[in-house]
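Please look at the two chains below. A short report on their build follows.

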Amino acid sequence: MATPMSVVRLPRGPNGHSRGFDPTSPRYQALAPSSIQASTNGCLKEEQRSRSTLRERFLRSLIAMAGKTVDFTMYERVSVTATFAASDIDILNFQVSHLQTPLGIQKEALLRCPDIIAYTFNL
Amino acid sequence: MRQTPLTCSGHTRPVVDLAFSGITPYGYFLISACKDGKPMMRQGDTGDWIGTFLGHKGAVWGATLNKEANRAATAAADFSAKVWDAVTGDEMITLAHKHIVKTVDFTQDSNNLLTGGQDKVLRIYDLNKPESEPLEISGHSSGIKKALWCNGDRQIISAADDKTVRYGILLKNSSLSISIFVVLKDVFVAGGDDFKLYKFDYNTGEDLESYKGHFGPVHCVRFSPDGELYASGSEDGTLRLWQTTVGKTYGLWKCVLPEELGSENSDSIYGTPPEVKA
């Protein structure tokens, strides 16, 4: 019986936490768009500041939304109401409970963010 | 030496298409299309997962990388083809179609994308002007399974469900660049519904070797750009990497001489990889 070929290790699989594309990898550092596209008048610093403020506000809004009743407007003229629980790290899915749909009330559900057009809630 | 395939897990449904990029300063890369809707990009020589392209809402039937591996394109059952930044994983362009899209292919300069699918029409998009209408090529009488640029992007070869293959010459567009293809000419590999991989002699068509390993029909097989390995995608949801020349030290494979197997510093080297639960 022939000796099986030796292997140093197995291929690494997905890490299950995020979608990958590690920003600390050498390839990312070298090839990714070096900074956010600044507006033509060149005030990059100010634009970065605005962007971080907006981003922080958005993330805080997600925290504020936890436990509140939210109305979601989705594609295909669908509107649903649910109690928001959490978002995943890439803001791709929203965990909701007590989702009121035309088919009935779903105790626990995941809403896909790309399917959502807008949402509103009271602070 | 016996072939030890490297299994890349991560997909949860059958792997239906895969493609390699060209050789870049960071090595070469692999993309796999899966019915779970989440195409994945991996390092080509090791199979290490790099990232997953998230956004399609249906099974992904076709996936490809451009030569420089900075762009990816995918074709899906959600009636769209998408172009992605293959460095950040971000979605760049969505090209809406009227039916399931099955195949995508970049030109060598990455300026144009060829798509084909169940609506039986081939389309050529200008990726610099994605909103403009694509060039449409009709002719197939059944859904298109695969379409590729060939001969320096001057010709298109397409295969359809009715088992016909069409070979068309693109007459108009003079802005497409000319390039040279390098083909591994001694050996070709094919995967079968019997779960095995077969290696044939390109010149004589002789069946050279066959390898077992997959737990389902093999849907797609491609050689790496340097010809040192080939990757297969299967109904069992895995990709496997196979050495072209078994016994060579390459990627994760390491040639260990019989004397070395007994010594203390072979702790990190093991003969048969331990079973990994899916």
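This is a predicted model: local features need pLDDT of at least 70, side-chain atom pairs count only at pLDDT 80 or more; totals for chains, interfaces and linings use all residues.

Residues are numbered from 1 along each chain as its sequence is written, chains are lettered from A and ligands numbered from 1 in the order in which they are written, and side-chain values use heavy atoms, with hydrogens and water left out.

**Chain A**

Chain A holds 2 helices and 6 strands. Helices (H or I, at least four residues) and strands (E, at least two) are DSSP runs, numbered from the N terminus. The order from the N terminus is β-α-α-β-β-β-β-β. The radius of gyration of chain A is 21 Å, well over the 14 Å that the globule rule gives for 123 residues, so chain A is more spread out than a compact globule. That radius is taken over C-alpha atoms, and the rule is 2.2 Å times the number of residues to the power 0.38. Along the principal axes, the C-alpha atoms of chain A fill a box of roughly 65 × 55 × 25 Å.

**Chain B**

Chain B has 0 helices and 23 strands. Residues 53–94 of chain B are 0% helix and 52% strand, with end C-alpha atoms 13 Å apart. Residues 211–252 of chain B are 0% helix and 43% strand, and their end C-alpha atoms lie 19 Å apart.

**Burial and surface**

Buried means under 20% relative accessible area, exposed over 50%, and partly exposed in between (1.4 Å probe, protein chains only). Accessible areas come from the Shrake-Rupley method with a 1.4 Å probe; for residues, only the protein chains shown count as cover.

| Chain | Buried residues | Accessible surface, with carbon and sulfur share |
|---|---|---|
| Chain A | 24% of 123 residues | about 8700 Å², 54% |
| Chain B | 51% of 278 residues | about 13000 Å², 52% |

**T64(B)**

T64(B) sits in strand β6 (residues 60–65) of chain B. Is T64(B) buried or exposed? T64(B) is buried, at a relative accessible area of 7%. Leaving out residues up to four places away in sequence, T64(B) touches A19(B), I31(B), R71(B), A72(B), A73(B), V104(B), D105(B) and F106(B). Contact means heavy atoms within 4.5 Å.
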